[in-house]
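Trainee: I would like to learn how to read a protein model. Please take me through one, feature by feature.

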Amino acid sequence: MKKTNSLGIMVATLMAVSMTVVTGCSNHPANDETMTIQTIAHDDSNVTSYKPVINFEGKVSSVDGQVIMLGDGKKILLTEDTEFGGDPDTNNEVSREILPGNFIQGYTEDQPEQDEVTAVQIWTNTPEIGK
C-alpha cells in the first residue's frame with residue numbers, strides 16, 4: 001500500500017512541477033527581448049539555475065577579422081555588441097581570441113539556419129585538443 005501511495009505522490013508532484021514549468025514558459029509577453037538564458041527550477045533543492053540558449057555551433061575553419069567561418073560553411077559575424085561569457089551557473093571565462101580549430105557555441109537573434117548570422121553571445125570558445 002505504501003508503494004502505491006508513494007508512486008501516486010511522486011506522479012502528482014511531477015505533474016504539478018511540469019504544469020508550473022509549462023505555465024511559466026508561456027507567460028512571457030511576445031514583445032519581451034529575446035532571452036539568451038533559460039531558467040530551470042530544481043524542485044528538490046529550491047535552487048534556480050540557468051542554461052545558455054545555443055543556436056549555432058561548430059569547429060572554426062577560418063577567421064578573417066570579425067568574420068568566423070565554421071566547418072559547415074556558416075559565417076558568424078562578430079560585432080562590438082557580441083558578448084563573450086560562459087555558462088551563468090559556472091561563471092567561466094570565454095576567450096575573445098577565436099582561432100581556426102576552436103570549437104564555438106553561441107546565440108544569434110537571426111534565423112540560425114541562415115548561411116550568415118550575427119553573434120549576440122559566444123558561450124563556448126574551446127581550443128582544439130593538443131593545441
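**Reading the model**

Mentor: The chain exposes about 9300 Å², and carbon and sulfur atoms supply 54% of that area. Accessible areas come from the Shrake-Rupley method with a 1.4 Å probe; for residues, only the protein chains shown count as cover. This is a predicted model, in which local features need pLDDT of at least 70 and side-chain atom pairs count only at pLDDT 80 or more, while totals for chains, interfaces and linings use all residues. Residues are numbered from 1 along each chain as its sequence is written, and side-chain values use heavy atoms, with hydrogens and water left out.

Trainee: How many helices and strands are there in the chain?

Mentor: Helices (H or I, at least four residues) and strands (E, at least two) are DSSP runs, numbered from the N terminus. Here the chain has 1 helix and 8 strands. Along the sequence they follow the pattern α-β-β-β-β-β-β-β-β.

Trainee: Which strands pair with S8, and in what sense?

Mentor: Two strands pair if DSSP finds at least two bridges between them. Strand S5 (residues 75-77) runs parallel to S8 and is joined to it by 3 bridges. S6 also pairs with S8 in the parallel sense, over 2 bridges. S7 and S8 pair in the antiparallel sense, over 6 bridges. To find individual partners, look at Ile 122 in S8: it is the bridge partner of Phe 84 and also of Gly 106.

Trainee: What share of the chain's residues is buried?

Mentor: Buried means under 20% relative accessible area, exposed means over 50%, and partly exposed lies in between (1.4 Å probe, protein chains only). Buried residues make up 24% of the 131 residues in this chain. Gln 121, in strand S8, is one case: its relative accessibility is 7%, so it counts as buried. Asp 89 is in the loop between strand S6 (83-84) and S7. Its relative accessibility is 43%, so Asp 89 counts as partly exposed.

Trainee: How should I read contacts?

Mentor: Contact means heavy atoms within 4.5 Å. Among contacts between residues at least 6 apart in sequence, 55% join residues at least 24 apart. Leaving aside neighbours within four places in sequence, Gln 121 is in contact with several residues, including Phe 56, Thr 82, Phe 84, Gln 105 and Tyr 107. Distance in space can also be set beside separation in sequence. Asp 89 and Pro 52 are 37 residues apart in sequence, and their C-alpha atoms are 9.4 Å apart in space.

Trainee: Which residues of the largest nonpolar core touch the most other members?

Mentor: In soluble globular proteins, nonpolar side chains tend to be buried together. A nonpolar core is a set of buried Ala, Val, Leu, Ile, Met, Phe, Trp, Tyr and Cys residues joined through side-chain atoms within 4.5 Å. The largest one here has 13 residues, and those touching the most other members are Phe 56, Ile 68, Ile 76, Leu 78, Ile 98, Ile 104 and Ile 122. Strand S3 (56-64), strand S4 (67-70) and strand S8 (116-126) each supply at least two residues of this core. S8 gives the most, with 3 residues. Beyond four places in sequence, Ile 68 touches, among others, Val 60, Ile 76, Leu 78, Ile 98 and Ile 104.

Trainee: Where is Thr 108, and what does its side chain reach?

Mentor: Thr 108 is in strand S7 (residues 103-108). It is buried, with a relative accessible area of 1%. A polar contact is a pair of N or O atoms within 3.5 Å; within protein, one must be able to donate a hydrogen and the other to accept it, and residues adjacent in sequence count only if both atoms are side-chain atoms. The side chain of Thr 108 reaches the backbone oxygen of Thr 118 at 2.7 Å.

Trainee: How many salt bridges are there?

Mentor: A salt bridge is a side-chain nitrogen of Lys or Arg within 4 Å of a carboxyl oxygen of Asp or Glu. By this rule there are 2. In one of them, the side chains of Glu 128 and Lys 59 meet at 3.4 Å, N to O. Glu 128 lies in the segment after S8 and Lys 59 in strand S3, so the pair ties together parts that are 69 residues apart in sequence. The side chains of Lys 75 and Glu 116 also meet in a salt bridge, at 4.0 Å, N to O. This pair links strand S5 with strand S8, 41 residues apart. Glu 116 is the bridge partner of Lys 75 in S8 as well.
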